[in-house]
Each structure stands twice: as C-alpha cells, then as structure tokens.
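The following paragraphs lead through the structure shown below. Please keep the sequence and the model in view while reading.

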Amino acid sequence: MVVGLLACAGLVGGCGGGDTGESGSRLLVVRETSEGNPDIYLMSSTGAILQQLTTDAGYDLAPRWSPDGSRIAFLRHDKTIESRRLYIMNADGSSERNLYPGEVADADLPNYPDWLDNDTLVFQRGSKRSSGLVKRSIT
C-alpha cells in the first residue's frame, strides 16, 4: 500500500498548487480505500495522511488546489451512471459542489481541471474525437 500511495503522491502532488501553513506543505493524494474506491486525502510533506477529504462511492480523481489554497477542484467518475463530473470543495472537504455534469453518452466529459484564479476554473471538455476548453466561474 505504501508504494501505491507514494506513486499517487508523486503524480498528484506535482499537479496541484500547495498551501504552506503552520504545519508545512500540504499535498493532495488519491488513494484507494479498502473497498477499492479512489478518494482524495490531505497529506503532509512528511508523508503522513492528515485527513480523508472525500468519501463518495465514485472515483475521485485529479485534485487541484485553488491559488489561495482555500478550495479544491476535482473530477468524480461514477461508473453506475457512466458520468464524470467536475466538483469543487473547501480545503477541509466540506461544501462539495458539482460545477459540470459530464455524461459518457454525450461524450462531453470534463478533464484536466485547473484554476485560472481563485474564482475561475478551466478544463478540457469532450472526447478523443472532439474536445474544447471550457472556462467556468465558480462565484
């Protein structure tokens, strides 16, 4: 399990901005639960898991810090209804909000979220055949 966690930390930790506070850098990692469900966790720079941030049955992926470290954008893939949605939540895991409901049948899936500023996200929308960039205000 440690190898898998470290591999995820390397992939995800480099993908999102960080917040340096009293306890040092905070990293976002994706780690499988005992049920085989990927969730988002907050990890310290020493590798200690500080907090599980998501607990939904969907696969939570691609977490990204907002520039000010107050919010996190992420994707949730739900295999039961074949969708991938773009969410934001507070840095403590509270107040999840769905910003973009992508459906597989529509080939309109969100990918690669990133923050332009503290109030604006940009992400790729679409499939391998057709895609484009979307800018979404969260205010």
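A residue is called buried under 20% relative accessible area, exposed over 50%, and partly exposed in between, with a 1.4 Å probe and protein chains only. This is a predicted model, in which local features need pLDDT of at least 70 and side-chain atom pairs count only at pLDDT 80 or more, while totals for chains, interfaces and linings use all residues. Residues are numbered from 1 along each chain as its sequence is written, and side-chain values use heavy atoms, with hydrogens and water left out.

The protein chain contains one helix and 11 strands; these are DSSP runs numbered from the N terminus, helices being H or I of at least four residues and strands E of at least two. From the N terminus, the order of elements is α-β-β-β-β-β-β-β-β-β-β-β. Of the 139 residues, 40% count as buried.

Strand S10 (residues 120–126) pairs with S11 over seven bridges in the antiparallel sense. Within this pairing, Leu-121 has Arg-136 in S11 as its bridge partner.

Charged side chains provide a second view of the fold. Side chains of opposite charge can pair when their charged atoms come close. The whole structure holds five salt bridges, each defined as a side-chain nitrogen of Lys or Arg within 4 Å of a carboxyl oxygen of Asp or Glu.

One of them joins Asp-114 to Arg-64, with the closest N and O atoms 2.8 Å apart. Because Asp-114 lies in strand S9 and Arg-64 in strand S5, the pair ties together parts that are 50 residues apart in sequence. Asp-114 is partly exposed at 29% relative accessibility, whereas Arg-64 is buried at 17%.

Another salt bridge connects Asp-119 with Arg-71, at 3.3 Å between the closest N and O atoms. Here Asp-119 sits in the loop between S9 and S10 and Arg-71 in strand S6, 48 residues apart.

Asp-56 and Arg-76 also form a salt bridge, their closest N and O atoms being 3.4 Å apart. Asp-56 belongs to the loop between strand S4 (49–52) and strand S5 (59–65), and Arg-76 to strand S6 (residues 71–78), 20 residues away. Arg-76 counts as buried because its relative accessibility is 5%, while Asp-56, at 33%, counts as partly exposed.

Conventions:
Pairing = 2+ DSSP bridges.
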